[in-house]
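Please open the model in your viewer and keep the selection panel at hand. The tour moves from one selection to the next and says what is there at each stop.

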Amino acid sequence: MKKIMKWFWISFLILLIVLIGSVYSFHKFKENKETSLLENNAGKLIDFNGKKVNVYSEGHGENTFIFMAGSAVAAPMYELKGLYRNFSKEDKIAVVERAGYGYSDVFNDDRDIDVILEQTREALIKGGIKPPYVLVPHSISGIEAIYWAQKYPKEVKAIVALDIGLPSQYIKHPVGLAEKTYMKASNVLTKLGFQRMIPTLAYNDAVLKKDFLTLKEKEIFKAISNKQGTNNDMEQEFLYSVKNSIKSISLPVPKTTPILFIDAYLDKNSEPAIASLKDYKSFAEQLDAYSVIQIKSKHSIYLYHPTEIYKETQKFIHQTVGN
């Protein structure tokens, strides 16, 4: 029996090594084939001591909207297009692809909030996009947007918060062992190329079902997502969420910054939905100008309700800050 078990485990390990080797080889083969797809970047690469951050912009107008992607949204310039194309008809928009995202390099640096924010600010200025801005963060980017308004209030005209995580929420519900394990596993698996077998590790396939990207853009979206996967910068950004949130709540609430909170929910009567709305209202009531609205949607609300978000934003901006 011992010999049988020994040979079983030896055979299993051999098969596992062959599987990993085959998947990795296929991943690298596909990456090489996709290189040409990634050559025509419509954005501008900003240099940070040899590492690059990508900034994409389009449109003209009185307001400048900065779109800030949530955690592990690997190709922000493409995934957020369905939303920002509404805004660029009348205003200027920009998408800053943070380190580890989109066409930007993986920096393997400290994902402390001050590092992230200063890279974002410098990338915009060097890209010719000057403040003040209307920030449009989603999910984890809420920490950066609020911190931005706290540290540099004159640069932030308003915030349109798309189902963001408030700093207080990250502290109240810190990253647990399960989340850390998932993020680490995703990082390892995407380095090995398993996202080619399990696409949900790399991207939200709802993007491919929408019509705001051309067929070629969908191919580029998949190529970038498979290249970036869940990388070290994304993992560290996620793990730093509590430390970064503590930095934010140590500063005064950005009282003079108008904030529109758009809360996504699936079941209004569920405990998470009730708690989220309560948290948003509690934060908002400390501000001089705010609005809190709810939209029935999945968390990636920008994919499902871009027109409604645009209309609510325009109404809020005109009511609070004018043109």
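The stops below cover aromatic rings, charges over rings, helix packing and some backbone features.

This is a predicted model, in which local features need pLDDT of at least 70 and side-chain atom pairs count only at pLDDT 80 or more, while totals for chains, interfaces and linings use all residues. Residues are numbered from 1 along each chain as its sequence is written, and side-chain values use heavy atoms, with hydrogens and water left out.

**Aromatic rings**

Begin by selecting F65 and F87, which form a tilted aromatic pair with 4.8 Å centre to centre and 55° between the planes. Rings of Phe, Tyr and Trp (its six-membered ring) pair if their centres lie within 6.5 Å, and planes under 30 degrees apart count as stacked, over 60 as edge-to-face and the rest as tilted. The pair links distant parts of the chain, 22 residues apart, with F65 in strand 3 (residues 64–68) and F87 in helix 3 (residues 81–87); helices (H or I, at least four residues) and strands (E, at least two) are DSSP runs, numbered from the N terminus. Both F65 and F87 are buried, a term that means under 20% relative accessible area, with exposed over 50% and partly exposed in between (1.4 Å probe, protein chains only).

Because F87 lies in helix 3 and Y310 in helix 14 (residues 306–320), the pair ties together parts that are 223 residues apart in sequence. F87 has a relative accessibility of 1% and counts as buried, and Y310 is buried with a relative accessible area of 16%.

**Charges over rings**

Next select R121 with Y152, where the charged end of R121 sits over the ring, 3.6 Å from its centre. A charge sits over a ring if NZ of Lys or CZ of Arg is within 6 Å of the ring centre and within 35 degrees of the ring normal. K126 lies over the face of F48, at 5.5 Å from the ring centre.

**Packed helices**

Now display helix 4 (residues 113–126) and helix 5 (residues 141–151), which pack at an angle of about 75° with their axes 10 Å apart. Axes are lines fitted to C-alpha atoms, for helices over the stretch in contact, and angles run from 0 to 180 degrees between N-to-C directions. That angle makes helix 4 roughly perpendicular to helix 5, given that angles under 35 degrees count as roughly parallel, over 145 as roughly antiparallel, 65 to 115 as roughly perpendicular and the rest as oblique.

Move on to helix 7 (residues 177–192) and helix 10 (residues 232–239), whose axes are 10 Å apart at an angle of about 175°, which makes helix 7 roughly antiparallel to helix 10.

**Backbone features**

Select P131 and P132, which are joined by a cis peptide bond with omega of about 10°; P132 is found in the loop between helix 4 and strand 5 (133–137). Finish at S139, which has a positive phi of about 55° although it is not a glycine and has its place in the loop between strand 5 and helix 5. S139 is buried, with a relative accessible area of 14%.
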